[in-house]
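Please read the following note alongside the sequence and the structure.

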Amino acid sequence: MGEEKAEPSAEQLAAPELFNVRSMRDSDHKMNPERLSGKTAIVTGSSRGIGRAIALAMAREGANVVVNGREENARTVAEMIRNAGGKAIAVIADVAAEEDVHRMVEETLRVFGSTDILVNNAGGGGPPTLVEDIDVSAWEREMRINLTGAFLCSRAVIPEMKKKRWGRIINMSSQAGRSGSELAGIIYASAKAGLLGFNRQLARQVAPYGILVNAVAPGVILSGERIEKKWRKRADAERQEMLKAIPLGRLGKPEEVAPVAVFLASDDASYITGAVIDVNGGRFMM
Ligand SMILES: NC(=O)c1ccc[n+]([C@@H]2O[C@H](COP(=O)([O-])OP(=O)(O)OC[C@H]3O[C@@H](n4cnc5c(N)ncnc54)[C@H](OP(=O)(O)O)[C@@H]3O)[C@@H](O)[C@H]2O)c1
């Protein structure tokens with residue numbers, strides 16, 4: 001019988017450079033360098049911010065990527081992927097518009113032939129507003145982008161996923177939909193909480209077809225101008241107070257959300273569905 005290899009101790013894991021644990025992990029990783037190779041991923045809202053980081057990370061893992069946004073700058077991200085040797089197209093489409101979503105999925109199938117992974121990332125919200133000041137059109141607009149968009153995109157890709165009996169849907173919720181957030185408004189929090197209900201029920205419905213549906217709930221992630229503006233608007237003392245409430249003591253980066261989406265899209269997550277993964281520096285624990 002061969003000698004059993006001992007598991008690395010806690011000290012070894014804490015100081016990998018001393019114990020060569022990292023190189024052991026690197027070589028493990030090299031056996032499976034591209035976890036998403038042969039898969040096609042539609043990442044909505046990937047022209048900037050968190051979506052962009054996810055699109056780039058998925059491309060690095062070998063996926064064909066569909067970069068999306070309503071503005072032309074989505075093309076720059078697709079080009080960046082292609083220049084680095086990956087495969088990507090850009091589809092300018094509004095996830096809140098049924099005909100746009102249909103076109104995006106048709107284009108994906110035409111170019112890549114499948115829709116294996118969908119990341120419902122497009123979203124965002126306006127500043128917090130008193131409920132009595134919210135008009136119905138603002139309510140409906142924000143709900144449509146953050147919640148209806150995820151429904152429309154999921155509905156459009158599921159038939160192909162069912163045919164292949166393999167699929168991954170990742171819903172970008174928020175801490176605002178889990179517990180509460182100082183930066184979020186009521187419409188946004190309602191939509192992101194609704195997205196978690198959608199996540200659970202859809203996961204149950206499509207599990208028999210090998211389609212896994214999971215959500216990511218980021219805390220405050222410095223993803224670009226939109227969030228930076230909201231953050232800067234706060235008084236210094238208030239910002240310090242908010243940072244104190246985060247056990248890791250800082251805000252997050254898009255590159256810290258992207259690997260979670262990659263993991264959920266990969267076969268490494270084969271027994272996870274209907275789950276919500278918090279990426280918030282420990283701000284909310286459940
Ligand atoms: N940053 C955070 O702190 C944070 C925290 C929790 C959750 N999230 C969630 O994470 C996701 C990404 O956030 P982010 O901060 O990276 O946002 P962001 O920087 O504002 O980027 C949003 C992306 O979505 C696209 N988009 C917006 N509405 C769209 C629509 N109707 N159809 C298609 N694309 C649309 C935008 O492009 P166009 O403008 O060109 O359409 C852009 O690519 C959002 O769902 C957000 O709610 C963010």
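This is a predicted model: local features need pLDDT of at least 70, side-chain atom pairs count only at pLDDT 80 or more; totals for chains, interfaces and linings use all residues.

1. Helix α6 (residues 98–112) and α7 cross at roughly 35 degrees, and their axes come within 9 Å. Here helices (H or I, at least four residues) and strands (E, at least two) are DSSP runs, numbered from the N terminus. Axes are lines fitted to C-alpha atoms, for helices over the stretch in contact, and angles run from 0 to 180 degrees between N-to-C directions. The crossing of α6 and α7 is right-handed; a crossing has this name if the near helix is turned clockwise from the far one by less than a right angle, and is left-handed if anticlockwise. From α6 the contact uses Glu-98, Val-101, His-102, Val-105 and Leu-109, and from α7 it uses Leu-152, Cys-153, Ala-156, Val-157 and Glu-160. Two residues are in contact if their C-beta atoms, placed from the backbone, lie within 7 Å. The residues of this contact of α6 with α7 are seven nonpolar, one polar and two charged. In this scheme Ala, Val, Leu, Ile, Met, Phe, Trp, Tyr, Cys and Pro count as nonpolar, Asp, Glu, Lys and Arg as charged, and the others, Gly among them, as polar.

2. Residues are numbered from 1 along each chain as its sequence is written.

3. Helix α7 (residues 136–164) also meets helix α9 (residues 186–206), with axes that come within 9 Å and cross at roughly 20 degrees. The two helices are therefore roughly parallel, the term for angles under 35 degrees; those over 145 count as roughly antiparallel, 65 to 115 as roughly perpendicular and the rest as oblique. α7 passes α9 in a right-handed crossing. Residues of α7 in the contact include Trp-139, Met-143, Leu-147 and Phe-151, and those of α9 include Tyr-188, Leu-195, Phe-198 and Leu-202. By class, the contact of α7 with α9 has 14 nonpolar, three polar and two charged residues.

4. A further pair is α4 and helix α12 (residues 254–265), whose axes lie 8 Å apart at an angle of about 50 degrees. α4 and α12 are therefore oblique to each other, and their crossing is right-handed. Among the residues that meet are Ile-50, Ala-53, Ile-54 and Ala-57 in α4, and Val-257, Ala-258, Ala-261 and Val-262 in α12. The contact of α4 with α12 comprises 12 nonpolar, one polar and two charged residues.

5. Which residues come nearest to the ligand? Of the 30 residues around the ligand, these are Gly-45, Gly-49, Gly-69, Arg-70 and Gly-123; a residue is near a molecule or strand if its C-beta atom, placed from the backbone, lies within 6 Å of it. At least two residues of the shell come from each of α4 (49–60), β2 (64–69), α7 and α10 (225–233). α4 gives the largest share, three residues. The shell is made up of 10 nonpolar, 15 polar and five charged residues.

6. Several loop residues deserve attention. Pro-127 lies in the loop between β4 (117–120) and α7.

7. Arg-165, in the loop between α7 and β5 (167–172), has a positive phi of about 55 degrees although it is not a glycine. Arg-165 is exposed, with 10 other C-beta atoms within 10 Å.

8. Arg-250 is placed in the loop between α11 (236–244) and α12. Arg-250 counts as exposed, because it has 10 C-beta neighbours inside 10 Å. Leaving aside neighbours within four places in sequence, Arg-250 is in contact with Leu-243 and Gly-281.

9. For the protein chain as a whole, there are 12 helices and seven strands. Of its 286 residues, 42% count as buried.

Terms used: A residue is buried if 20 or more other C-beta atoms lie within 10 Å of its own, exposed if 12 or fewer, and partly exposed in between; C-beta atoms are placed from the backbone.
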